[in-house]
Amino acid sequence: SYPTEDHHPFKGNMDIDSLRTLLEQHSSRIPCIFMTVTNNSAGGQPVSLRNLRETSELAREYNIPLFLDACRFAENAWFIKQREAGMSNRDISSIVREMASLCDGMTMSAKKDGMVNIGGWLALNDDALAAACSEKLILTEGFLTYGGLSGRDFEAMAVKSTAFFGQRLIDCGVPIVEPIGGHAIYIDAARMLPDMPKEEFPGHAIACALYVEGGLRACEIGTLMFGEAAVHELTCQKPRHVATDVSKAVAIATKPLGWLR
């Protein structure tokens, strides 16, 4: 993984060399390859189109299906347009289409960037598998035309506020993963609390302080979640009830974070 302060434009990229080594050793035990766009566990960082192409090529070399966890596919496409060489003149829809063409299927949780209450979708390039999933859907969720979703959830849209939120935290001296991702801010707990041993879970300590002091729920992504090798980060997603009032969200978060420092 990249240092949190490193401004690499695509920290969500798949490590192609490591993936190849893994496939060489264990391909018979790997049913599919999943890529998350944007990469949640890497600090909400995007994946480049070049890296997605390379991953797709490697997956097809080993005849292993490639799926995208694509709940934030649109913002990943936006980052590709903004940051990847040769992409600035492409429109978002064409980037999304190419992303989709490189994989065998996509899953999407609409309750994240869609800011809806429930639901999502599954897209597949295998017609037989799609038919089997459709039959299962009718038994468990609802018909294909709505999948259990209400009209409101189809129409709901997210607001752009993460960049503002992150910059305000930087201005307050709070160390975060940079460059700022799309759906959440990731606080660098190790840099924020350098004197706290990792065995005392600095990310979780900040999460508790945020909740006690500001009522803001956050999630530790570090030793507590992933073990010894983890980077100590804390994800702060945009609270839904203040999604259209960014100043309120910032006020909730910065007071306890400033106190911690």
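These are my notebook entries on a predicted model of the protein.

**Entry 1. Overall layout**

I began with the protein as a whole, which holds 11 helices and 7 strands. Of its 261 residues, 42% count as buried. I then looked up the accessible surface, which comes to about 13,900 Å², with 53% of that area belonging to carbon and sulfur atoms. Among contacts between residues at least 6 apart in sequence, 64% join residues at least 24 apart.

**Entry 2. Helix H2 and serine 56**

I turned to helix H2, which spans residues 49–61 and contains serine 56. Is serine 56 buried or exposed? Serine 56 is buried, because its relative accessible area is 2% and the cut-off for buried is under 20%. Leaving out residues up to four places away in sequence, I found serine 56 touching Leu66 and Leu102.

**Entry 3. Salt bridges of H2**

I counted 5 salt bridges in the structure. One of them joins the side chains of arginine 20 and glutamate 61, at 3.3 Å from N to O. This pair links distant parts of the chain, with arginine 20 in helix H1 (residues 16–26) and glutamate 61 in helix H2, 41 residues apart. I noted arginine 20 as partly exposed at 31% relative accessible area, and glutamate 61 as partly exposed at 48%.

Arginine 50 and glutamate 54 lie 4 residues apart, about one turn of the helix. Arginine 50 is exposed, with a relative accessible area of 57%, whereas glutamate 54 is partly exposed at 32%.

I next followed arginine 53, which forms a salt bridge with glutamate 98; the closest N and O atoms are 2.7 Å apart. Arginine 53 lies in H2 and glutamate 98 in H4, so the pair ties together parts that are 45 residues apart in sequence. Arginine 53 is partly exposed at 34% relative accessibility, while glutamate 98 is buried at 18%. Salt bridges with shared partners join Arg53, Arg90 and Glu98 into one network.

**Entry 4. Glutamate 84**

I looked at glutamate 84, in the loop between H3 and H4. Apart from neighbours within four places in sequence, glutamate 84 is in contact with Phe10, Ser48, Leu49, Arg50 and Phe79.

In helix H3 (residues 73–83), I listed Glu75, Asn76, Ala77, Phe79 and Ile80 as buried. Their cover includes H2 and helix H4 (92–101).

I then searched for aromatic pairs, and the count came to 2. Phenylalanine 34 and phenylalanine 67 are stacked, at 5.6 Å centre to centre with 25° between the planes. Phenylalanine 34 is in strand S1 (residues 33–36) and phenylalanine 67 in strand S2 (residues 66–69), 33 residues apart. I recorded phenylalanine 34 as partly exposed at 42% and phenylalanine 67 as buried at 13%.

Tryptophan 78 and phenylalanine 79 have ring centres 5.3 Å apart and planes at 70°, so this pair is edge-to-face. Tryptophan 78 is partly exposed at 37% relative accessible area, whereas phenylalanine 79 is buried at 5%.

Definitions and conventions
Residues are numbered from 1 along each chain as its sequence is written. This is a predicted model: local features need pLDDT of at least 70, side-chain atom pairs count only at pLDDT 80 or more; totals for chains, interfaces and linings use all residues. Side-chain values use heavy atoms; hydrogens and water are left out. Helices (H or I, at least four residues) and strands (E, at least two) are DSSP runs, numbered from the N terminus. Buried means under 20% relative accessible area, exposed over 50%, partly exposed in between (1.4 Å probe, protein chains only). Contact means heavy atoms within 4.5 Å. Accessible areas come from the Shrake-Rupley method with a 1.4 Å probe; for residues, only the protein chains shown count as cover. Rings of Phe, Tyr and Trp (its six-membered ring) pair if their centres lie within 6.5 Å; planes under 30 degrees apart count as stacked, over 60 as edge-to-face and the rest as tilted. A salt bridge is a side-chain nitrogen of Lys or Arg within 4 Å of a carboxyl oxygen of Asp or Glu.
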